[in-house]
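Please open the model in your viewer and keep the selection panel at hand. The tour below visits a pocket and then an interface.

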Amino acid sequence: MNPTMLSITIALLFGIGTFMILRRDMIKVAIGITVLSHATHMLIVTSGAFLGGKVPIITSDHESGSGIIFMDDIAAGVFAPIVPEGTEMIYSDPLVQALTLTAIVISLATTAVLLILAYRVYQEHGTTDLNEIRRLKG
Amino acid sequence: MTTLIAKTVSKVCVPIIILFSISLLLAGHDNPGGGFIGGVMFASAISLFYVVFGVDHIESIYKNHWDKWFAVGLLLATITGIGIMLLGYNFLRSAYVSATFPLIGEISIISTIFFDIGVYLVVIGGILHIFKEMGEDK
Amino acid sequence: MILSMQHVPVILIALPIIFGSLTILFRSKSTLQKTLNIAVFSFLLALSIALLLHVWYNGILVYEVGEWGKYGILLVADLLGAGMVVLSSLISLMAMIYATDYMDRKALDSTFFPLFNLMVAGLNGIFLTGDIFNLFVFFEVLVLSSCGLIVLTGRGDHTKMADKLEAIFKYLVLNMVSIILMLVSIASLYATVGTLNMADIAVKVGYLADAGELPWHIHVIAMTFIVVFGYKAAMFPLHFWLADVHPSAPAPIHAMLSGMVIKVGIYGILRVHYLIFSESMFMLQPILIILSLVTIAVGATSAIGQYDLKRLLAYSSVSQIGYVLLGVGMGTAYALTAAIVYLVNHAIAKSMLFLTTGETLYHAGTKDMRKMGGYAGSAPFLCIIFLIGSMSIAGLPPAGGFFAKLLIFDAGLSAQFYIPIAIALIFAIFTLFYLFRTWLTIFWGEVKYCDPTEACNIRNPTTSIKVALSLLAGVVIFIGVYPEPLIALSSVIAGQLLDPQPYITAVLERSVR
């Protein structure tokens with residue numbers, strides 16, 4: 001994975017999401033929220049991805065000592081996803097994938113609620129135009 | 001969408017998708033897969049039925065309360081966590097049992113599988129409850 | 001075994017989830033559910049008090065979920081977390097007792113009990129987790145369940161369904177934006193220090209700061225967290241949603257939202273900023289003080305112009321949150337003590353006031369204050385409870401709010417924040433004015449019966465509503481008459497916040513099985 005391309009993609013997704021959130025249509029706002037969440041998921045994944053890193057699944061034929069999975073040494077100033085100099089990092093950070101999966105599940109639930117809400121609002125108000133749905137004031 | 005092609009294809013496909021979702025669920029501990037992915041796949045299979053045959057038709061054949069699935073799944077997942085505490089371990093600590101069965105051979109059972117089944121049921125129940133309620137809405 | 005003290009933090013989260021799912025299975029039997037849920041919530045209150053006492057006597061309790069050691073999810077019950085859990089258990093028990101008579105039969109039979117249980121699980125999870133990503137997960141549990149609860153209707157709830165849905169849409173979309181911001185900041189924090197455990201992050205940030213290599217974006221992350229938590233707490237530029245969303249909810253949910261859910265933001269600032277970002281507090285404190293003063297001013301002035309009773313009290317919440325933030329922003333030990341006392345007092349008094357409001361609106365049959373009047377004769381109980389709540393919020397003795405306000409002002413004066421305290425004092429008079437004007441309008445003056453066909457005085461509180469309100473009023477008066485235990489607890493908490501070393505030691509150097 002090329003980090004530059006990834007960051008450009010994430011930035012584009014954030015831009016698209018922000019643009020969609022500012023639209024007047026309720027469904028477009030829901031889509032914007034979804035795009036923004038997925039941009040965030042990609043951001044989380046990239047925070048643990050390394051150039052040329054292997055998939056962090058340890059099979060039974062894994063030889064010990066062939067690479068570092070996780071380095072953490074406060075005294076040497078080494079923090080986990082940052083690889084110390086002179087060592088070879090062959091696995092990606094597995095934690096970020098768990099985080100992303102959790103975030104995806106949560107964003108699924110939120111998107112479902114948001115879309116149902118948009119549908120119910122359409123039933124009650126007869127429109128999905130956010131400029132016409134402003135009965136609460138004061 | 002009640003064309004003959006869609007009906008015939010979905011009758012063949014849905015059982016296969018359901019079997020695949022169960023295999024994904026059971027593979028989840030050591031290989032790619034898991035409760036969430038399996039549950040989404042199961043839910044998509046049933047929603048294919050709902051789309052092709054219509055909610056009313058499916059309900060007239062077999063009436064199902066998907067919210068009960070949700071509740072049972074959530075209960076199962078939490079009870080898995082609580083249950084291990086009765087043995088003196090911490091919440092959600094996984095236990096590991098190997099047993100030899102006739103004909104099948106040795107199978108190792110990990111208590112997290114019950115948690116995964118719980119997640120599977122929660123995802124199915126949640127998604128399909130939404131589908132059904134929204135589809136029945138007149 | 002299962003009931004040893006060590007397991008209590010996880011039971012406080014798991015028990016509401018279990019009962020949430022059980023109440024889905026038995027949801028048509030609402031009489032059984034009422035008894036069962038009140039029993040469960042009383043048990044949770046007892047457990048949380050036991051947890052607080054345990055933490056007070058035996059030090060911070062750390063629980064490893066799944067026994068994954070250093071890399072797993074931790075639940076940490078320190079005094080702040082355990083104290084907040086006691087507070088949330090108390091308010092949720094009272095709201096539950098109240099709701100069994102207040103909510104419509106339809107709401108009780110469908111989604112009220114499961115969602116309320118999940119909401120309490122989310123609150124307890126937020127207060128007990130020691131992992132910053134889990135904070136996000138429990139935020140989402142809280143937000144989604146409260147979205148479902150706002151739609152439900154009760155008997156004094158005169159909001160139309162269309163308005164409720166509009167309010168929830170605002171709430172959910174804005175919450176999602178803030179949650180996305182939170183995820184972005186968590187991801188950047190993780191990329192910087194490589195851990196999600198809050199104590200571990202604090203150690204590593206401290207190490208970077210000691211080495212003089214603190215990256216500048218730590219300050220940016222600290223500011224985005226202020227935005228996230230400020231959104232939850234309805235801090236000034238982000239307060240606009242509260243007056244739409246909270247009044248749309250039925251009274252018990254309104255009490256939970258205004259009593260506990262907005263306190264989550266304050267808790268987040270206290271926990272995350274004082275633990276992790278203590279290096280960037282020097283530039284955040286002036287911002288917090290200025291924003292809290294604007295919050296106080298905007299909330300109080302908006303409340304004065306309102307005729308809708310629930311909306312007035314919602315703006316009053318905004319204003320009161322400003323006082324808590326003022327204490328948090330001043331940042332001395334005394335000011336933090338004052339902020340925590342204020343938070344506790346506001347949570348109890350405001351939820352009591354909202355519960356009373358729900359019953360008053362039912363009594364009146366309208367939510368417009370101009371159509372109410374003279375209810376002191378027909379509803380003397382509500383009149384007294386409303387007066388106690390108003391006195392507490394406005395800061396008059398013998399209610400608990402007096403000591404809260406006194407401590408805030410005294411802390412400000414002793415830390416030489418003269419101008420902020422002067423501004424806060426002026427708007428405290430505003431608070432006094434609008435609350436007592438409200439009380440006088442509703443309960444005194446010419447008797448106005450809104451609905452000629454149905455006389456108001458038959459719509460009076462039932463026994464369980466009276467029990468919940470009297471208990472809360474008793475707590476408010478108790479805090480006002482005998483505040484020493486609360487002040488002592490708050491000052492210990494403030495000491496722990498300013499010196500988080502015991503927290504870090506307890507989390508990182510615990511005995512691993």
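**Pocket, then interface**

Begin by selecting α3(C), the helix that gives the largest share of the lining of the second largest pocket, seven residues; helices here are DSSP runs (H or I, at least four residues), numbered from the N terminus. This is a predicted model, in which local features need pLDDT of at least 70, side-chain atom pairs count only at pLDDT 80 or more, and totals for chains, interfaces and linings use all residues. Residues are numbered from 1 along each chain as its sequence is written.

Next, show Leu52(C), Val86(C), Val344(C), Leu486(C) and Leu489(C), which lie nearest the centre of this pocket among its 29 lining residues. A pocket is an open set of points on a 1 Å grid over the protein atoms alone, where a 1.4 Å probe fits, with protein on both sides within 12 Å along at least five of seven lines, and lining residues have an atom within 4 Å of a point. Colouring the lining by class gives 27 nonpolar, two polar and no charged residues, with Tyr, Cys and Pro among those counted as nonpolar and Gly as polar.

Now move to the interface, where 40 residues of chain C are in contact (heavy atoms within 4.5 Å) with 44 residues of chain A. On the chain C side, select α6 (132-150), α7 (161-193), α8 (198-210) and α14 (309-330), each of which supplies at least two residues; α7(C) gives the largest share, 21 residues. By class, this side of chain C has 27 nonpolar, four polar and nine charged residues.

Definitions and conventions. Chains lettered and ligands numbered in written order. Heavy atoms only, no water.
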